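User: Hey, I've just opened this one and have never looked at it before. Can you walk me through it?

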Amino acid sequence: MNQIFDFLFSQYAGYDTLDIVLELIAALFTIASVVYAKKNNVLVYPSGIVASAIFVYLLIKWGLFGDFIINILYVAMSIYGWYLWTRKSNGKALLNISRTNSKEKRIASIIFIMAFIFIVLK
């Protein structure tokens, strides 16, 4: 049992307690965000923002800049999504949940390539 415990948690031996607690809180908010997304609940946005913002802080501290970029994107997308979610006309949502289109896939690919280049050049 100790071997399993050591395997799972030994990487945290040199970490500050605050960092471990923040990572745990961010993970719990991430799980909540997934649950809210499944239920099509607007709370997906604030829970996702909190989780990503905590991870942004931790990733900068740990020097994981590629992951940092992705989490900045998650925060920005969540703010934009939350804004769009709140837009209504005559009590009806202006934006329905849908699948990504070709333009959105191209934008995501460009962001991926830019992040990849940034990581490789770092």
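User: Let's start with K61. Is K61 buried, exposed or partly exposed?
Analyst: K61 counts as partly exposed, with 39% relative accessibility. Keep in mind that this is a predicted model.

User: Ok. Which side chain meets K61 in a salt bridge at 3.0 Å, N to O?
Analyst: That's D19. The two sit in distant parts of the chain, 42 residues apart, with D19 in helix α2 and K61 in helix α3.

User: And D19, buried or exposed?
Analyst: Buried, at 3% relative accessibility.

User: What does D16 form a salt bridge with?
Analyst: With K61 again: the closest N and O atoms of D16 and K61 are 3.4 Å apart. This pair also links distant parts of the chain, 45 residues apart, and D16 lies in the loop between α1 (2-9) and α2. D16 is partly exposed, with a relative accessible area of 44%.

User: How many salt bridges does the count come to?
Analyst: The count comes to 2.

User: What about E23, where is that one?
Analyst: E23 is in helix α2, which covers residues 17-38.

User: Which side chain of opposite charge is nearest to E23, and how far away?
Analyst: The nearest is K61, 11 Å away. A salt bridge needs nitrogen and oxygen within 4 Å. E23 has no salt bridge, yet it is buried.

User: Then what is E23 in contact with, leaving aside its neighbours in sequence?
Analyst: Setting aside residues within four places in sequence, E23 is in contact with Y12, F55, L58 and W62.

User: How accessible is N40?
Analyst: N40 is partly exposed, with a relative accessible area of 43%.

User: Let's zoom out. How many helices and strands are there?
Analyst: The protein has 5 helices and 2 strands. Starting at the N terminus, the elements go α-α-α-α-β-β-α.

User: Is the protein a compact globule or more spread out?
Analyst: More spread out: its radius of gyration is 18 Å, well over the 14 Å that the globule rule gives for 122 residues. Along its principal axes, the C-alpha trace spans about 60 × 35 × 25 Å.

User: What share of the residues is buried?
Analyst: 18% of the 122 residues count as buried. The protein exposes about 9,600 Å², and carbon and sulfur atoms supply 68% of that.

User: And what share of the contacts join residues at least 24 apart?
Analyst: Among contacts between residues at least 6 apart in sequence, 56% join residues at least 24 apart.

User: Last one: how many positive and negative side chains are there?
Analyst: There are 11 positive and 6 negative side chains, and the centres of the two sets lie 22 Å apart.

How values were computed: Residues are numbered from 1 along each chain as its sequence is written. This is a predicted model: local features need pLDDT of at least 70, side-chain atom pairs count only at pLDDT 80 or more; totals for chains, interfaces and linings use all residues. Side-chain values use heavy atoms; hydrogens and water are left out. Helices (H or I, at least four residues) and strands (E, at least two) are DSSP runs, numbered from the N terminus. The radius of gyration is taken over C-alpha atoms; the globule rule is 2.2 Å times the number of residues to the power 0.38. Buried means under 20% relative accessible area, exposed over 50%, partly exposed in between (1.4 Å probe, protein chains only). Contact means heavy atoms within 4.5 Å. Accessible areas come from the Shrake-Rupley method with a 1.4 Å probe; for residues, only the protein chains shown count as cover. Lys and Arg count as positive and Asp and Glu as negative; His and the chain ends are not counted. The place of a charge is taken as NZ of Lys, CZ of Arg, CG of Asp or CD of Glu.
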